[in-house]
Amino acid sequence: MAAIELHRLVKRFGDLTVIPALDLAIRDEEFVVFVGPSGCGKSTLLRIIAGLESIDSGDLFIGGQRVNDMPPARRDIAMVFQDYALYPHMTVRQNMAFGLEMRNTPKDEITRRVERAAAMLHMAPYLERKPKALSGGQRQRVAMGRAMVRNPQVFLFDEPLSNLDAKLRGEVRTEIKALAQQLKTTMVFVTHDQVEAMTMADRIVVLKAGVVQQFGTPEEVYQWPANQFVAGFIGAPSMNFFDVQIEGRQLRMAEGLLLALPPRCGTVAGPAGPAVLGVRPEHLRVLPGDAPGLRVQISVVEPLGSDTLVYFERAGQRHMVRVAPELRLRPGERITLDLAIDKCHLFDKSSGAALRD
């Protein structure tokens with residue numbers, strides 16, 4: 001068993017508290033992604049699990065064993081970094097085998113593990129090459145293979161795809177996901193890219209200033225964000241936010257447009273007061289002619305081939321709608337938008353918390 005549990009874990013750097021009293025439970029064989037903006041504490045948290053950072057207070061358990069003071073070498077984990085950190089004078093085979101040789105693993109066992117890992121990573125034809133003869137994606141696979149051959153109880157990935165171009169990121173991302181399904185090992189992956197988090201994770205930890213904002217499946221985090229921060233961070237393109245006034249079972253926008261209270265809010269109706277309405281770009285629809293709706297003026301049009309992103313300014317903020325490429329729109333044109341109210345979210349203006357039953 002390689003479940004990871006953190007109980008009231010605190011980490012400080014001098015007078016700065018970067019992780020205040022965090023509780024988290026990662027299940028055995030689960031693929032969990034830590035995601036959040038720069039400085040949110042995700043890499044620090046990963047380094048704490050690895051034993052590369054100390055704990056100021058609280059407890060960390062791996063496989064049911066308290067490891068607060070256990071050195072990294074005894075935690076039975078393997079870490080893959082953003083920097084490949086390969087030995088340039090060694091072949092792929094030698095790089096992958098080096099750690100096992102240092103542990104005096106029998107030679108036939110080393111050969112078996114290296115060749116198995118190379119086959120899983122599609123690197124078998126390149127075992128006798130040196131790192132300089134490999135692409136960036138292939139070098140990252142070697143780094144992953146070096147971790148795999150150890151058969152650890154936990155894999156830790158610290159933004160391993162950051163140095164790759166867009167195409168390679170997609171390819172290696174898919175391979176890591178497939179690898180997780182084959183190895184059935186607990187994996188923790190750190191990224192600032194919410195697309196990586198959504199496509200790879202069994203569950204996502206969304207962090208802000210060292211505090212867990214939400215911990216759930218990609219579907220839960222996307223469909224039912226716990227607060228405005230999560231709603232704005234998860235989803236590409238990001239969610240639009242409009243200031244509204246709650247008036248019983250209705251919402252009033254600045255232009256006087258009245259909308260029904262989103263169904264997902266349940267019976268949240270209350271006294272008139274400020275709130276924030278969230279709607280994703282794909283849940284805005286361009287209406288024909290002079291139909292009633294939200295009137296806006298287009299500022300920028302971005303054709304993407306499969307769809308088109310249309311930007312508009314409102315109350316000093318930029319918003320976006322996703323439309324079909326057949327809809328030929330131009331900057332400066334005025335359009336009317338319909339909000340799919342059944343897909344909208346409502347947030348408290350002051351706290352940012354989602355308003356729903």
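Reader: How many aromatic pairs does the count come to here?

Author: The count comes to 6 aromatic pairs. A pair of aromatic rings is described by the distance of the centres and the angle of the planes. Rings of Phe, Tyr and Trp (its six-membered ring) pair if their centres lie within 6.5 Å; planes under 30 degrees apart count as stacked, over 60 as edge-to-face and the rest as tilted. Take Phe155 and Phe157: they are stacked, at 6.2 Å centre to centre with 25 degrees between the planes. Bear in mind that this is a predicted model, where local features need pLDDT of at least 70, side-chain atom pairs count only at pLDDT 80 or more, and totals for chains, interfaces and linings use all residues. Residues are numbered from 1 along each chain as its sequence is written, and side-chain values use heavy atoms, leaving out hydrogens and water.

Reader: Is Phe155 buried or exposed?

Author: Buried means under 20% relative accessible area, exposed over 50%, partly exposed in between (1.4 Å probe, protein chains only). Phe155 counts as buried at 3%, and Phe157 does too at 2%. Ring pairs also link Phe155 and Phe157 with Phe31 and Phe189 into a cluster.

Reader: Why is the pair of Phe241 and Phe347 edge-to-face?

Author: Their planes stand at 75 degrees, with the centres 6.0 Å apart, so the pair is edge-to-face. Phe241 is buried at 18%, and Phe347 is buried at 0%.

Reader: Which ring does the charged end of Arg280 sit over?

Author: A charge sits over a ring if NZ of Lys or CZ of Arg is within 6 Å of the ring centre and within 35 degrees of the ring normal. For Arg280 that ring is Tyr222, 3.9 Å from its centre.
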